[in-house]
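Here's a quick briefing to get you oriented. Have a look at the structure first, then read on.

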Amino acid sequence: MDPNWFTALFDDHYENVMNNAGRYVSDGFAGTSSISGFGGSVGDGYGNYNSEVQDDDLNQQDDNDGGDLFWHRECDRTKLVICTAGALTMYYNTYVYKEPCMNSYNTGMRWLTEILNGHWMRCVNMFRMDADTLKSLALELETMYRLKPSRRMSVIEKVGMFLYTLALGASNREVQERFQHSGETVSRNFKEVLRSVCLLAADFIKPVDPEFTTTPLEIEMNPRYMPYFKNCIGAIDGTHVRACVSQEIQIPFIGRKGIPTQNIMAACSFDMQFTFVWAGWEGSAHDTRIFYEAIGNTNIQFPRPPEGINPKKNMYIYAGKYYLVDSGYPNEYGYLGPYRGERYHLPEFHRRGQPRSREELFNRVHSSLRCVIERTFGVWKKRWRILQTMPEFPYKSQVKIVVASMALHNYIRRKSDQDVAFNKFDSHPDFVPPDTFPDVVPQSQTTGHQSASRMDYIRDAIANSLMGQ
């Protein structure tokens with residue numbers, strides 16, 4: 001329907017006619033003929049039919065005048081009808097009638113069903129998990145984490161859209177075209193699923209054994225680490241993902257990576273599951289500062305190494321459990337770092353030969369075990385491309401995306417026995433992927449003399465045991 005068809009009837013007088021139409025509607029077709037150009041009152045138009053006609057000429061003249069006014073009135077009515085119809089047509093085309101845009105036969109749900117019922121690798125390529133894991137995730141989000149279907153979209157399609165965005169780093173328009181929904185629908189559903197996955201994160205980003213009562217299987221079954229690191233409960237490190245922020249606030253987000261990033265502190269277990277995450281720090285924040293904030297703030301709920309109790313003195317004592325940290329963190333209570341000033345990273349030993357001292361020997365074993373956190377970051381970043389090309393979401397949403405993607409990482413680890421990404425890293429235990437965003441400025445280390453701590457004595461004891469094996 002052409003919304004301009006009626007405009008051509010009046011050429012340049014359309015606005016005047018529309019104004020007259022509005023005036024007639026409000027005044028009930030009553031007006032002044034000398035001003036508007038249209039007839040006067042009904043009585044004036046038809047004359048006085050109760051009066052006696054004295055003169056035939058005057059009577060004939062009155063009849064002629066009445067006829068002219070009648071035709072003027074009929075013309076005015078026709079114009080009013082046309083103008084009203086035109087105005088209604090304009091309103092309908094502008095506010096009511098919407099030409100369908102996403103009208104492909106291959107709707108999002110039809111495409112998703114095809115993927116779920118097709119070859120297993122298609123689902124992994126599109127959603128970074130197999131079909132059974134995706135269905136299980138959708139069911140748990142619906143039954144346990146308050147994700148509800150809408151009138152035209154099921155929960156599994158909402159989850160599919162969300163995973164498609166995270167896995168491929170897809171833009172809103174790309175998701176519109178793939179799932180055949182409007183941009184507003186895509187944005188609203190992304191927020192709904194993100195909120196539900198963040199609720200899931202509270203149950204999945206935490207230690208499987210909160211009391212750390214058992215030795216990790218990866219240590220217990222490996223003679224390289226057992227019994228020397230039997231009390232180790234995990235590893236801690238920081239990583240960076242791209243942040244999309246306005247230029248006015250970019251400076252605090254640009255740190256050693258040279259681009260705007262958010263700094264994330266995380267802890268992981270030795271089966272490559274995240275047990276703690278604190279996201280949202282600016283890229284320029286130092287890892288040590290984030291570390292002290294995490295272990296010192298009781299509201300953060302950091303899974304601290306368990307403490308024992310001395311029944312004789314009724315006081316807390318160190319129970320021997322600890323995390324592995326690198327040289328950027330302090331070597332203090334519950335956190336075991338390497339010897340500084342000695343070779344540490346595995347590539348250094350590959351290039352320059354075997355360890356020559358007990359300190360280097362300890363550092364090599366320590367690095368080999370602690371690299372589980374770097375491997376965990378590698379699997380996580382490789383799975384979700386959105387972490388490399390963060391869209392222009394509000395910064396709080398970017399932080400939630402990081403947490404949600406880590407929760408999905410853990411979910412896949414627990415629910416899928418044959419995940420492609422995890423299997424690749426499991427089959428190469430010494431493989432450490434390169435950092436997505438390499439440093440352009442060297443990371444500063446904690447400097448200055450530190451007094452001997454209990455962890456120094458534990459480190460020396462482990463180094464002596466390794467030398468004597």
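**Where two helices meet**

Arg358, Leu361, Phe362 and Val365 in α14 meet Arg459, Asp460, Ile462, Ala463, Asn464, Leu466 and Met467 in α18. Sorted by class, that contact of α14 with α18 has seven nonpolar, one polar and three charged residues. Bear in mind that this is a predicted model, where local features need pLDDT of at least 70, side-chain atom pairs count only at pLDDT 80 or more, and totals for chains, interfaces and linings use all residues. Residues are numbered from 1 along each chain as its sequence is written, and side-chain values use heavy atoms, with hydrogens and water left out.

**A few terms**

- Contact means heavy atoms within 4.5 Å.
- Buried means under 20% relative accessible area, exposed means over 50%, and partly exposed is in between (1.4 Å probe, protein chains only).
- Helices (H or I, at least four residues) and strands (E, at least two) are DSSP runs, numbered from the N terminus.
- For the classes, Ala, Val, Leu, Ile, Met, Phe, Trp, Tyr, Cys and Pro count as nonpolar, Asp, Glu, Lys and Arg as charged, and the others, Gly among them, as polar.

**The whole chain**

- The chain's secondary structure comes to 18 helices and seven strands.
- Out of 469 residues in the chain, 43% count as buried.
- Among contacts with a separation of 6 or more, 67% come from residues 24 or more positions apart.

**More on α14 and α18**

- Helix α14 covers residues 358-370, and its axis is 9 Å from that of α18, at an angle of about 100°.
- Axes here are lines fitted to C-alpha atoms, for helices over the stretch in contact, and angles run from 0 to 180 degrees between N-to-C directions.
- That makes α14 and α18 roughly perpendicular to each other (65 to 115 degrees counts as such; under 35 is roughly parallel, over 145 roughly antiparallel and the rest oblique).
- What are the buried residues of α18? They are Met455, Asp456, Arg459, Ile462, Ala463 and Leu466.
- Tyr457 and Gly468 are exposed, on the face of α18 turned away from its buried side.
- With 15 residues (454-468) at 1.5 Å a residue, α18 should span 21 Å, and its end C-alpha atoms are 22 Å apart, which agrees. The expected span is 1.5 Å times one less than the number of residues.

**α7 against α10**

- Helix α7 (residues 131-144) and helix α10 (residues 183-204) have axes that come within 10 Å and cross at roughly 95°.
- They are therefore roughly perpendicular to each other too.
- On the α7 side, the contact is made by Leu137, Glu140 and Leu141, and on the α10 side by Val193, Ser196, Val197, Leu200 and Phe204.
- This contact of α7 with α10 has six nonpolar, one polar and one charged residues.

**α6 and its neighbours**

- Helix α6 (residues 120-127) has Cys123, Val124 and Phe127 as its buried residues.
- Seen down the axis of α6, they fall within an arc of 100°, so they line one face of the helix.
- Which helices do the buried residues of α6 pack against? They pack against α5 (108-117), α7, α8 (155-168), α9 and α17 (420-426).

- Gln180, in the loop between α9 (172-179) and α10, has a positive phi of about 60° although it is not a glycine. Gln180 is buried, with a relative accessible area of 11%.
- Phe212 sits in the loop between α10 and α11, also has a positive phi, of about 50°, without being a glycine, and is buried at a relative accessible area of 9%.
- The peptide bond from Met226 to Pro227 is cis, with omega near 10°, and Pro227 lies in the loop between α11 (217-220) and β1 (232-242).

**Two buried spots**

- Gln262 belongs to strand β2 (residues 261-268) and counts as buried at 0% relative accessibility.
- Leaving out residues up to four places away in sequence, Gln262 touches several others, including Thr239, Trp281, Tyr395 and Val402.
- Gln262 and Val402 are 140 residues apart along the chain, yet their C-alpha atoms are separated by 9.7 Å.
- Gly334, in the loop between β6 (322-324) and β7 (335-336), is likewise buried at 0% relative accessibility.

Technical notes: Arc of directions from axis to C-beta.
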